There are 2 protein chains.
Amino acid sequence: MAVMTRNAPAPAALDEAALDAALKALASAQRREILRFLASRAAESGKTCCTQDEVCACKLSEHLGLVASTVSHHMSVLKDAGLVSARKDGTWVYYSVIRDALAAVAAEINTL
Amino acid sequence: MAVMTRNAPAPAALDEAALDAALKALASAQRREILRFLASRAAESGKTCCTQDEVCACKLSEHLGLVASTVSHHMSVLKDAGLVSARKDGTWVYYSVIRDALAAVAAEINTL
DNA sequence: ACTAAACTTCGACAAGTATCGAACTAAGGA
DNA sequence: TCCTTAGTTCGATACTTGTCGAAGTTTAGT
């Protein structure tokens, strides 16, 4: 489900509030590192909690050296900004980047 | 409007610190409004202090409804981030957008 | 039911940011 | 020289953000 337009035609224009949230979310080195980590799929492959293109919060915690509550905070900022999606499965939460959203932000910057 | 397809060679990759400064600068509605205002050339034309593609600080102050010192603060954030350039002429300072810098930030976001 | 694991929410504190008014600097006139 | 105009710098205050540890929630296993 929800694979949809891989051809990424129109990333859908953002309103000012959405752009603001996205840029505030991106204006943090830790959160950009999270996005890069998700984008790289972290694919140290068959670990217990991560599938091929998703990463669980515990991996992020380990990777960044931050406690779980801090990671949770960053993830909710990214989620609220529409830059990542979360999928819960059992006790784990798998995150992945929403590439179209990043593309939309990039497009908005170019039209500033 | 919009001069469009400039050959946009290579906007030059940003290092992490430059990207951080640029995104922090962009993560403010007031500063984005400043960039839009500069980009539109504000060209209410032949006013006393603004040339065709540049805007003086006093115009920004008026446009945003902020006192001069606050505008000065925002402009130095934008300057330090490399997103605008300033040219002093007499008692006025003319600002203009550095479009390549915005393009570089957009490109970095797309490669996150 | 009890326990453990994986998150999230809450409360607190430190650090950073936005804004103002006041004081300062620089440039052009009268 | 004195005065005015355009901006910058400084100091204060209010707001926002990043981070932690502690407590709460949800899910799975025994």
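Reader: Of the atoms of DNA strand D within 4 Å of the protein, what percentage belong to sugar or phosphate?

Author: In this predicted model, the atoms of DNA strand D that lie within 4 Å of the protein are divided between sugar or phosphate on one side and bases on the other. The bases hold the rest, while the part that belongs to sugar or phosphate is 76%.

Reader: Which residue has a polar side-chain atom 2.5 Å from a phosphate oxygen of DNA strand D?

Author: Some approaches to phosphate oxygens of DNA strand D use the backbone: an N or O atom of B:Ala57 lies 3.3 Å from one, and a backbone N or O atom of B:Val93 lies 3.5 Å from one. At 2.5 Å from a phosphate oxygen, however, there is a polar side-chain atom, and the residue that carries this atom is A:His74.

Reader: Which element gives the largest share of the surface near DNA strand D?

Author: In total, 23 residues surround DNA strand D, and A:Thr70, A:His74, B:Cys58, B:Ser69 and B:Ser72 are the closest. By class, this surface has nine nonpolar, eleven polar and three charged residues. Several elements each supply at least two residues of the surface, among them helix H2 (29–39) of chain A and strand S3 (92–97) of chain B. The largest share, four residues, comes from H4(A).

Reader: What is the area buried between chain B and chain A?

Author: The contact takes 20 residues from chain B and 20 residues from chain A. In chain B, the residues that lose the most area to chain A are B:Arg32, B:Ile109 and B:Leu112, which together account for 36% of what that side buries. Carbon and sulfur atoms give 60% of the area buried between the chains, which is about 1,900 Å².

Reader: How many salt bridges does the rule find across the interface of chain B and chain A?

Author: One of the salt bridges is formed by A:Arg36 with B:Glu16, where the closest N and O atoms are 2.8 Å apart. On the side of chain B that touches chain A, there are 13 nonpolar, two polar and five charged residues. Across the interface, the number of salt bridges found by the rule is six.

Notes. Residues are numbered from 1 along each chain as its sequence is written. Chains are lettered from A and ligands numbered from 1 in the order in which they are written. This is a predicted model: local features need pLDDT of at least 70, side-chain atom pairs count only at pLDDT 80 or more; totals for chains, interfaces and linings use all residues. Side-chain values use heavy atoms; hydrogens and water are left out. A residue is near a molecule or strand if one of its heavy atoms lies within 4 Å of it. A polar contact is a pair of N or O atoms within 3.5 Å; within protein, one must be able to donate a hydrogen and the other to accept it, and residues adjacent in sequence count only if both atoms are side-chain atoms. Ala, Val, Leu, Ile, Met, Phe, Trp, Tyr, Cys and Pro count as nonpolar, Asp, Glu, Lys and Arg as charged, and the others, Gly among them, as polar. Contact means heavy atoms within 4.5 Å. Buried area is the accessible area (1.4 Å probe) that two parts lose on being put together, summed over both. A salt bridge is a side-chain nitrogen of Lys or Arg within 4 Å of a carboxyl oxygen of Asp or Glu.
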